[in-house]
Structures are given as C-alpha cells and as structure tokens.
Amino acid sequence: MQLYGWEAALFYLLAIMTLFMGVFVVTARIAVHSALFLIATLVNVALLFILLRAEFVAGVQILVYVGGVMVLFLFVIMLVQTRAEEEARVQLYTKQTWPAVIIALLLAVSFYFAMSPAQTAFRPADAAATASTAAADTGERSESGAGYISSDTQKVGDALYRQAALPFEVASLLLLVAIVGAVLLARGTKQEKYYE
Amino acid sequence: MISSIIGAFPYAAQLLLQAQPQPFLKRFEPTLVNFLMLSFLLFVVGVAGVLSRRNIIIIFMSIELILNAVNLNLIAFSRYLQLNEAALKSKGLEISPLAGPVFTIFIIVVAAAEAAVGLGIVIAMFRNRETVSIDEIDLLKW
C-alpha cells in the first residue's frame, strides 16, 4: 500500500498538521481555542480518510463529529464558565503532569517495540503482489478523472444494511438511550418546580 | 519515525523540482506503517492530555483525539486489506475490507453518545459545585 507522488506529499502535510493540532488541543489555555483546534484535527483526519479512499467515513466524520459533537462541546463550554483558567487564576495542569508525561512516553516506547517486528510484514512480499495492488487501485477509476465517483459509499451502505444490520439497530437504540440520558442529566430543577 | 516525518521535506522538494525519485528518497514513500505511526502518535498525545489536564472538558476532547487515532488505524488497515486482497488470500487471510469503515462508523456513533452523556454529567456537576476542574471534585476522596 504505497502512496506515490502528490499523495505522499499530501500525507506528510496532513500528518504534521494533525499532530500539531492535537498537541495544541491538549496545551491550549482557553477552552474555546482547544475546541477549535480539535475541529481542525477532526477535519484533517477526515482528509486522511479521503486519502485512504474511505469517502463515506470522511463524510460521516464531518457531519457527525465536527457538526454534532464539537458543536455540543462548544455549547457546554459556553454554559460552563472557564474564565478563571483564561485569566490564569488557576492552574492548567494537574499535579500529576510529570507522571502523565512519563506514562505517555512509556506507552509510545511500548507501541514502537510492538510495531517494529511487524514492519517487515507490511512490505509487499513479491512482484506479483505489487502488480495486483496496482491493478486493484486503477481498476476502480472511470475513464474521466474529474467525474470519478467511488463505490465506497455503496459498498459500506450495503454492508451496514446486510451483514451489520443488527449492530446498526443496536446503535440506534444506543443513541436513543444517550439522548434520554443527556436530557435527564442536563435539565434543571428550576424548570420542574415551574411545571408543578 | 521522526526521520520519516522529517523526510517529507526533501520528498516535497524533489516533487517540486520534478526530479527522478532517488533511491535514498524512496525510503520515505508512505506505506501502511506511516499511517500506523501517525495513529499511535495521535493516541499518545490524547493519553497525555487525558492524564494531565485539570479541566474536564479538555479531558473529553483528548478522549475524542484517542478515538480518532483508532479510527485512522482501522481505515488504514481497511485500505491495506483492500489493495492486497489477492496476496493475503494466498496466505490464507480473508478479512473483508469493509470491516474497517463499518466499525469506524460504530465508533463514531458511540463517541457521539458518550460525549452527549458525559457533557450532561459535566453540566449537572457544574450546577452543583460551580467548578469544572477535576481537582476540586473530590467528595469521594479518602
């Protein structure tokens, strides 16, 4: 699975931007800035999904994650006053910052050692494999480059409604429970007294 | 890992100058491993955020970073499986490449539900205690 030419440069650009935005999410002082950096990270990840030919998931990510979850975050940041952090009256980090950094570094080192024996397994083994991958890649395109419509959405939708139909229905039930739970948790007692 | 990120710049320069791909720069062409490295670096950034920030809303955002790292991992593997189906089938491995996007959609759904309920808890907690820093919500602490 090798990216060539401009796709490779785009991958590096998006990867560096994603990591920088992720670090800014964690280290921003103002909460709204943190939310905006997270929106930038999510959009970068959606672009990486498009680079990986998963257009349906990229669309779902922009619609649901950026358009739903991040707007919810921004509303809650509005309701919850974070002035004290912005005016530097309270600390940003817990007192366990150094153990957190050490644990994160240990996690990184352990991932690296877990993944490096697997690196050789992901290289194309022989010329036949690379030839078949090249054929599989170009076989999806239509004749005109600009009018290229991928069949990813159709395939994923097919899978969601056929093989994964039961998890699909369970996910809708989960969303119903989450909606009821969120409304129950966030409604205030002042409103109850008014209606009684 | 760091060298593969730094290797972007000579690669981009070579592309701009329309030179032939040098054997040295061929090493920096991204494969599946580069996507996995990006995914785990994002995961580590999210874990560091969860463990070290005081504001509970920032902690929730770091959890979303972790979930996105996992999504990236799944979609990268799905693309890899989609491209190498013939080679992997000859080795006896038959996983549908659609498992990646389908599972990713369920992860996004669960993340949205978790964010909704978690932020409801944050609002209820703020209404009671007038604070969102986790250091000051310590009634259960011994």
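Biologist: How many of the 28 residues of H5(B) are buried?

Modeller: First, the rule. A residue is buried if 20 or more other C-beta atoms lie within 10 Å of its own, exposed if 12 or fewer, and partly exposed in between, with C-beta atoms placed from the backbone. Now the case. In H5(B), 22 of the 28 residues are buried, so the rest of the structure largely encloses this helix.

Biologist: What should I know about the model and its labels?

Modeller: This is a predicted model, where local features need pLDDT of at least 70, side-chain atom pairs count only at pLDDT 80 or more, and totals for chains, interfaces and linings use all residues. Residues are numbered from 1 along each chain as its sequence is written, while chains are lettered from A and ligands numbered from 1 in the order in which they are written.

Biologist: How many helices and strands are there in chain B?

Modeller: Helices (H or I, at least four residues) and strands (E, at least two) are DSSP runs, numbered from the N terminus. Chain B has seven helices and zero strands. Chain A has nine helices and zero strands. Of the 142 residues of chain B, 46% are buried. For the 196 residues of chain A, the buried part is 26%.

Biologist: Which residues have the most contacts inside the largest nonpolar core?

Modeller: Nonpolar side chains tend to be buried together in soluble globular proteins. A nonpolar core is a set of buried Ala, Val, Leu, Ile, Met, Phe, Trp, Tyr and Cys residues joined through C-beta atoms within 7 Å. The largest one here has 79 residues. Phe49(A), Phe73(A), Ile57(B), Met61(B), Leu72(B) and Ala76(B) have the most contacts inside it. H5(B) gives the largest share of this core, 15 residues.

Biologist: Leaving aside its neighbours within four places in sequence, what is Leu72(B) in contact with?

Modeller: Two residues are in contact if their C-beta atoms, placed from the backbone, lie within 7 Å. With neighbours within four places in sequence left aside, Leu72(B) contacts Val45(A) and Leu48(A), and also Phe35(B), Leu38(B), Ser39(B) and Leu42(B).

Biologist: How many residues of chain B are in contact with chain A?

Modeller: 70 residues of chain B are in contact with 85 residues of chain A. H7(B) gives the most to the side of chain B that touches chain A, 22 residues. For classes, Ala, Val, Leu, Ile, Met, Phe, Trp, Tyr, Cys and Pro count as nonpolar, Asp, Glu, Lys and Arg as charged, and the others, Gly among them, as polar. That side has 50 nonpolar, 13 polar and seven charged residues.

Biologist: Where is the place of Ala159(A)?

Modeller: Ala159(A) lies in helix H7 (residues 152-161) of chain A. Ala159(A) is partly exposed, with 19 other C-beta atoms within 10 Å. Beyond four places in sequence, Ala159(A) contacts Ala164(A), Leu98(B) and Val102(B).
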